[in-house]
Amino acid sequence: MDASFVREVFFGCMHYKKLLKIPLSAFFFCNPAAHKHDHNMYMIVAYLGLIRLEELTVSEFKRFVMALDPLKMDRFLSFLFDEDTIEKWLRDEWLKLYDPNFVDGLVIGGMRTALPELEAQLLDGLRKRARATETEPGVMVGTSKGASPVRAGELGTTKPRPFRLTKPKPRSLP
């Protein structure tokens with residue numbers, strides 16, 4: 001990724017903040033288990049999926065999404081690209097803020113145009129990856145910089161050990 005693309009995405013997220021706030025608020029309302037600290041990640045994915053998808057192409061969007069947590073992306077993209085969600089939560093709220101031509105033409109029209117390709121290339125594979133990480137016992141649970149991956153089931157219980165305290169030295173008398 002080059003710096004100009006990152007800048008464009010940042011400015012696009014700020015420019016369309018009101019438009020993006022609606023699906024994000026609805027997502028967090030419908031999925032209370034979703035963490036608020038992932039808000040910016042969801043905002044960027046929503047911006048790329050709603051506004052820049054035609055320009056970015058589905059294959060580039062797929063590369064971006066597959067680099068993120070598959071379980072979170074499966075939940076979010078399944079919500080974002082669902083027809084019921086669009087009609088029930090998003091469209092009416094967007095129409096309160098934006099022109100119907102913009103909402104139906106660019107935002108919803110672009111999503112509906114790309115949806116068959118998204119289903120075939122991205123969403124099905126993402127669902128499989130999310131379910132695999134959710135159910136397989138030997139899948140990596142987490143990693144940190146410089147640490148080796150920890151696998152589910154390999155974490156044992158903590159065994160208490162006695163403290164190694166030094167014995168105090170007797171004080172000398174003057």
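Residues 24 or more positions apart make up 66% of the contacts in the chain with a separation of 6 or more, a contact being heavy atoms within 4.5 Å. This is a predicted model, in which local features need pLDDT of at least 70, side-chain atom pairs count only at pLDDT 80 or more, and totals for chains, interfaces and linings use all residues. Residues are numbered from 1 along each chain as its sequence is written, and side-chain values use heavy atoms, with hydrogens and water left out.

**The whole chain.** From the N terminus, the order is α-α-α-α-α-α-α-α-β-β. Helices (H or I, at least four residues) and strands (E, at least two) are DSSP runs, numbered from the N terminus. Of the 174 residues, 32% count as buried; buried means under 20% relative accessible area, exposed over 50%, and partly exposed in between (1.4 Å probe, protein chains only).

**The core.** Next, select Leu 20, Leu 50, Phe 61, Phe 76, Leu 77 and Trp 94, the residues with the most contacts inside the largest nonpolar core, which has 45 residues. Such a core is a set of buried Ala, Val, Leu, Ile, Met, Phe, Trp, Tyr and Cys residues joined through side-chain atoms within 4.5 Å. Helix 8 supplies the largest share of this core, 10 residues. Now centre on Leu 77: leaving aside neighbours within four places in sequence, Leu 77 is in contact with Val 45, Phe 61, Val 65, Leu 122, Leu 123 and Leu 126.

**Val 107.** Move to helix 8 (residues 100-135) and select Val 107. Val 107 is buried, with a relative accessible area of 0%. Beyond its neighbours within four places in sequence, Val 107 is in contact with Leu 19, Leu 50, Ile 51, Trp 94 and Phe 102. Val 107 and Leu 50 are 57 residues apart in sequence, yet 5.7 Å apart in space, C-alpha to C-alpha.

**Helix 3.** Then select helix 3, where 9 of the 12 residues are buried, so this helix is largely enclosed by the rest of the structure. Among the buried residues of helix 3 are Met 41, Tyr 42, Val 45 and Leu 50.

**Aromatic rings.** Finally, show Phe 27, Phe 28, Tyr 42, Phe 76 and Phe 79, which form one aromatic cluster. The whole structure holds 10 aromatic pairs. Rings of Phe, Tyr and Trp (its six-membered ring) pair if their centres lie within 6.5 Å; planes under 30 degrees apart count as stacked, over 60 as edge-to-face and the rest as tilted.
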